[in-house]
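Dear colleague,

I am passing on the structure we spoke about, so that you can look through it yourself before reading my notes. The sequence and the coordinates come first, and my findings are set out below them.

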Amino acid sequence: MRVIILLLVAEFFSTVIQRILCENTLTKKVNSLLAEFVVWGGYYVCINIMTYFLVHNIWFNMAVSLTAFFLVVRVIYSDSLCSVLIVTFFVYLTGMGTEVLLLFFVRFLDWPLDENTEMVYAIISRLICFCIVKTILLIVKKRRNIELDYRDWMEVFIVPAGSIWVLLTLMNAGPFSKQVSSFIATFIILLINVATYYLYDRARETEETRVREKVLEKQCEYYVRQNKESQKWWEELRNFRHDIKQHYLLEKMLIDAGNYSELERYCNESLKLVTKGRLVSNTGNLYIDSIINYKAESAAQLGIEFAVTASAPKDGELNAEDLSICLGNLLDNAIEAVARLQGKRIIRVTLKADKGNLFINVTNPYQTVKKEKGRYLSFKADSAYHGLGLAIVGQITNKYKGQMQIQDENCKFDVTILLFDFIH
């Protein structure tokens with residue numbers, strides 16, 4: 001009976017691995033957690049009743065398991081038939097492959113192979129499969145422009161490797177399936193592996209949330225500053241228009257007196273007021289203009305010029321947070337790079353909205369670029385956030401099924417982002 005319970009625990013762990021793979025590689029169409037729990041739970045119960053209590057034909061059970069898993073994925077996820085088939089066969093080929101390789105390894109090392117050790121090897125094969133799945137997920141994240149570091153790879157291997165060592169130690173200590181302590185230890189080991197994965201994943205999400213919160217704080221500053229500057233400029237312009245008659249009379253008096261130098265000075269002062277509200281971005285879209293103009297003013301204080309070509313619908317609805325993160329990060333990186341240069345410094349910004357799609361291009365010269373293992377790093381003092389900004393930009397790009405291209409040639413850094421169905 002204990003053997004059956006341990007097998008059911010191992011199969012439950014396998015089901016959790018399958019769900020982790022699916023939720024990170026496929027797109028959900030069932031948003032109800034309860035419905036998802038019912039589907040996965042029903043799959044687990046049906047497969048294990050069929051395998052351990054009703055039918056003992058391995059090929060029949062394998063066919064049923066494949067079919068059941070395929071149906072679960074089709075019910076919960078909205079991806080194409082081809083994607084579902086690939087995931088289905090990958091899951092089962094990985095599971096079978098790890099068991100075959102482990103059996104070969106056991107026989108090669110002449111390790112004991114009996115009823116007790118088979119149980120340990122079955123659990124170890126699940127842990128190896130878990131490592132493979134987590135490795136695949138990191139590769140998928142890398143292809144989605146999500147930056148990784150050594151901590152991600154450590155999480156993949158350290159806990160499963162330690163778990164395998166503990167299981168082998170317990171196996172050598174005595175009959176595995178007859179010891180209650182071994183049963184409890186196995187349950188705790190598998191629980192730790194699942195908990196570690198989800199806790200680490202949550203920690204990464206929390207770290208990214210902190211970055212988003214900082215961006216949102218800046219975003220509020222953009223809007224408040226843009227609003228205050230606009231109000232101030234309109235107030236000054238309204239006063240200027242109110243006193244326009246006096247301005248004309250003073251100009252005529254200076255002309256009659258032949259005091260052209262004073263007239264020129266007065267006209268220049270008046271033009272400064274009239275042209276004061278001409279900001280580098282005047283699309284009429286509050287979100288876009290406030291971000292670009294705020295960054296342009298910050299850059300101007302450092303002697304950096306902004307050359308902006310921007311067009312967007314005035315009343316277009318968009319995700320202000322995603323826009324602020326994408327555009328704000330690109331402009332911050334450009335300002336940081338150009339600020340280190342001498343002589344004329346200019347950042348070129350092109351932004352176009354067409355048929356709901358948003359195109360952003362930021363180009364800037366640079367002196368040196370900080371790059372490590374294909375990852376662009378910041379020169380900021382806080383190393384914890386190095387490269388995290390571009391990583392989140394990449395995630396947002398993937399969110400809108402878009403594209404991000406980075407070119408780094410001839411001391412010119414060029415970033416292009418295309419977001420589909422972004423403005424409505």
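This is a predicted model: local features need pLDDT of at least 70, side-chain atom pairs count only at pLDDT 80 or more; totals for chains, interfaces and linings use all residues.

Salt bridges

The count of salt bridges comes to nine, and I describe three of them here. In the pair formed by E23 and R19, the closest N and O atoms are 2.9 Å apart. Because these two residues lie four residues apart in helix 1, about one helical turn separates E23 from R19. E23 has a relative accessible area of 24% and is therefore partly exposed, whereas R19, at 18%, counts as buried because the limit for that class is under 20%.

The pair of R265 and E262 is also local, with a distance of 2.5 Å from N to O. Since they are three residues apart in helix 9, which covers residues 260-274, about one helical turn lies between R265 and E262. Both side chains are partly exposed, R265 with a relative accessible area of 43% and E262 with one of 28%. Salt bridges with shared partners also join R19, E23, K28 and E36 into one network.

A further salt bridge holds E99 and R126, whose closest N and O atoms are 3.2 Å apart. E99 is partly exposed at a relative accessible area of 42%, while R126 is buried at 11%.

The cavity

How many cavities of 30 Å³ or more does the structure hold? There is one, and the space in this largest cavity is about 40 Å³. Its lining is made by L330, N333, A334, V362, N364, L390, F413 and V415. Helix 11 (320-338), strand 3 (357-365) and strand 7 (412-419) are the elements that each give two or more residues to that lining, and helix 11 supplies the largest share, with three residues. Sorted by class, the lining has six nonpolar and two polar residues, and no charged ones.

V180, I184, F187, I188, L191 and I192 make a nonpolar surface patch of about 530 Å². One of these residues, F187, is found in helix 7, which covers residues 180-242, and at 45% relative accessibility F187 counts as partly exposed.

I17, by contrast, is buried, with 5% relative accessibility, and is found in helix 1 (residues 2-25). Although I17 and V133 are 116 residues apart along the chain, their C-alpha atoms are separated by 7.5 Å.

Two backbone angles

Most residues other than glycine have a negative phi. K355 is not a glycine and yet has a positive phi of about 55 degrees; K355 is placed in the loop between strand 2 (346-354) and strand 3, where it is exposed with a relative accessible area of 78%. N410, again a residue other than glycine, has a positive phi near 50 degrees. N410 sits in the loop between strand 6 (403-409) and strand 7, and is exposed with a relative accessible area of 76%.

With best wishes

Notes. Residues are numbered from 1 along each chain as its sequence is written. Side-chain values use heavy atoms; hydrogens and water are left out. On a 1 Å grid over the protein atoms alone, a cavity is a set of points where a 1.4 Å probe fits but cannot get out, and a pocket is an open set with protein on both sides within 12 Å along at least five of seven lines; lining residues have an atom within 4 Å of a point. Grid points are joined across faces, edges and corners, and a volume is the space filled by probe spheres set on the points. Ala, Val, Leu, Ile, Met, Phe, Trp, Tyr, Cys and Pro count as nonpolar, Asp, Glu, Lys and Arg as charged, and the others, Gly among them, as polar. Patches are made of residues with over 30% relative accessible area and no salt bridge: like charges are joined within 9 Å, nonpolar side chains (Val, Leu, Ile, Met, Phe, Trp, Tyr) within 5 Å. Accessible areas come from the Shrake-Rupley method with a 1.4 Å probe; for residues, only the protein chains shown count as cover. A salt bridge is a side-chain nitrogen of Lys or Arg within 4 Å of a carboxyl oxygen of Asp or Glu. Buried means under 20% relative accessible area, exposed over 50%, partly exposed in between (1.4 Å probe, protein chains only).
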